[in-house]
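Subject: Structure for you to look at

Hello,

Here is the structure I said I would pass on. Please open it first, then read the notes below it.

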Amino acid sequence: MSAVFKALNPKSANALQFPCRQCGAVLKYAPGTTHLLCEHCGTENVIELRSEKIAEYDLRQALQQLAETPTTTAAAPTIHCEECGAGFQFEAKNHAGECPFCGTPIVATTGQIKPIQPKSLLPFGIDQANARQRFQQWITGLWFAPNAVKKYARSDTKLSGVYLPFWTFDSHTATTYSGERGDVYYVQERVQVVRNNRLVTETRQVPKIRWTPVSGRVQRFFDDVLVGASNSLPRKILDALQPWDLHNLIPYDENYLSGFRSEYYQVELADGFDLARQVMDNQIYADICRDIGGDHQRIHQVNTQHSGTTYKHCLLPVWSAAFRYRDKSYRFVVNGRTGKVQGERPYSPWKIVFACVAALLLAAGAYYYLEQSGALDNQQTHPVTIQPYPYRQPLDYNSFQN
Ligand SMILES: [Zn+2]
Ligand SMILES: [Zn+2]
């Protein structure tokens, strides 16, 4: 299936609002449900589920089309609020949020700004109160967090609900490799050691590694390798929000965005695939090591072919906020489906110092005990091989096979 590319018109975007069918008031999507709830009259306005299938799109074709699409400057389009008549612009990365003049939820259509449209999403599953509770549990459970922060977390933290853009990639990979397999064997060696102030000769088992050249082939199908396409949060935090229940993705529908912020993708498709390839390469590297077998592995050359590579562009829900502590801002996010919390956190230096002192005392005690009992005398050292970092091929999109 090919992606649909529309002519871009960054000047204007259609602003959508969702009026209550009972009283006309503007509606917000209610997390965990399939309706928009009217805060005015209480009517539940049911969202009809679109019957479209969640499709995978051919990556090579999309990259070719993108290369042919003229790039436009990403100017924020003017939005017109029907509620108060104001004209305004969202922050350049957003296409849904509130009218800054009257607070009415507005969702702008995305077609005019970005060549690739979100085609699916996971709606918010947990509401703000629930997300705040998860955050409080998280911060109170943190080791080494200053007490002031834990206390702060008990107060009312305002969280904002955001739909973040993601890419997912599927790919069949076939990899040929060459390297070496290392097998450990032991030889007996006589060594001189000092025992009770006397020099004595002892026999020891010394490990050695026998390396033999190997080559082979591994293959793997990757399904839904997820890459965050937002620059609003550090990638470490974005990645750590996984897992997501992507099998529950539903067709994109602006109704679910009403009352929330939503971002355009800021990481381009090609860059997104580069990040996905790093995830895949790590897995392939592990596959190769397993394929080589033995006690140690060295990998010299790796050649991976991708075929049938497809992508999806979807939106996933997070609750996010920042808190300030000692003039520094710490961000955290809550997965809007599972409630899993990820974030930056302050450390209490005093708590860490005490813990380190306690750990050192414990270690010193253990060492003293082991030395007294003689357990340290006949230890075998184990050989360590430094693994070279997996060789990365430069990506050539023309080398894709269909
Ligand atoms: Zn109403
Ligand atoms: Zn307004």
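Leu 36 has Asn 45 as its bridge partner in β4. Strand β3, residues 35–37, runs antiparallel to β4, and three bridges join the two. Strands here are DSSP runs of E with at least two residues, helices are DSSP runs of H or I with at least four residues, and both are numbered from the N terminus. Two strands count as paired if DSSP finds at least two bridges between them.

This is a predicted model, in which local features need pLDDT of at least 70, side-chain atom pairs count only at pLDDT 80 or more, and totals for chains, interfaces and linings use all residues. Residues are numbered from 1 along each chain as its sequence is written, while chains are lettered from A and ligands numbered from 1 in the order in which they are written.

Back to the sheet: it is open, with three strands in the order β2-β3-β4 and antiparallel pairing. Its edge strands, β2 (28–29) and β4 (44–46), each pair on one side only.

Strand β8 (residues 94–98) has two partners to look at. With β14 (residues 261–263) it pairs in the antiparallel sense over two bridges, and Ala 96 has Ser 262 as its bridge partner there. With β9 it is joined by three bridges, again antiparallel; Glu 98 has Pro 105 as its partner in β9. The hairpin of β8 and β9 has six residues between the strands, and Gly 103 in this hairpin takes a positive phi near 80 degrees.

Now the core. A nonpolar core is a set of buried Ala, Val, Leu, Ile, Met, Phe, Trp, Tyr and Cys residues joined through C-beta atoms within 7 Å. A residue is buried if 20 or more other C-beta atoms lie within 10 Å of its own, exposed if 12 or fewer, and partly exposed in between, with C-beta atoms placed from the backbone. The largest such core has 70 residues, and Ile 106, Tyr 163, Phe 166, Leu 316 and Val 318 touch the most other members. Elements that each supply at least two residues include α1 (59–68), β11 (160–195) and β15 (296–325). The largest share, nine residues, comes from α5.

Which residues does Phe 166 touch, not counting those up to four places away in sequence? They are Leu 226, Val 227, Gly 228, Ala 229, Cys 314 and Leu 316. Contact requires C-beta atoms, placed from the backbone, within 7 Å.

For the whole chain, there are six helices and 17 strands, and buried residues make up 28% of the 402 residues.

Regards

Methods: Contact = placed C-beta atoms within 7 Å.
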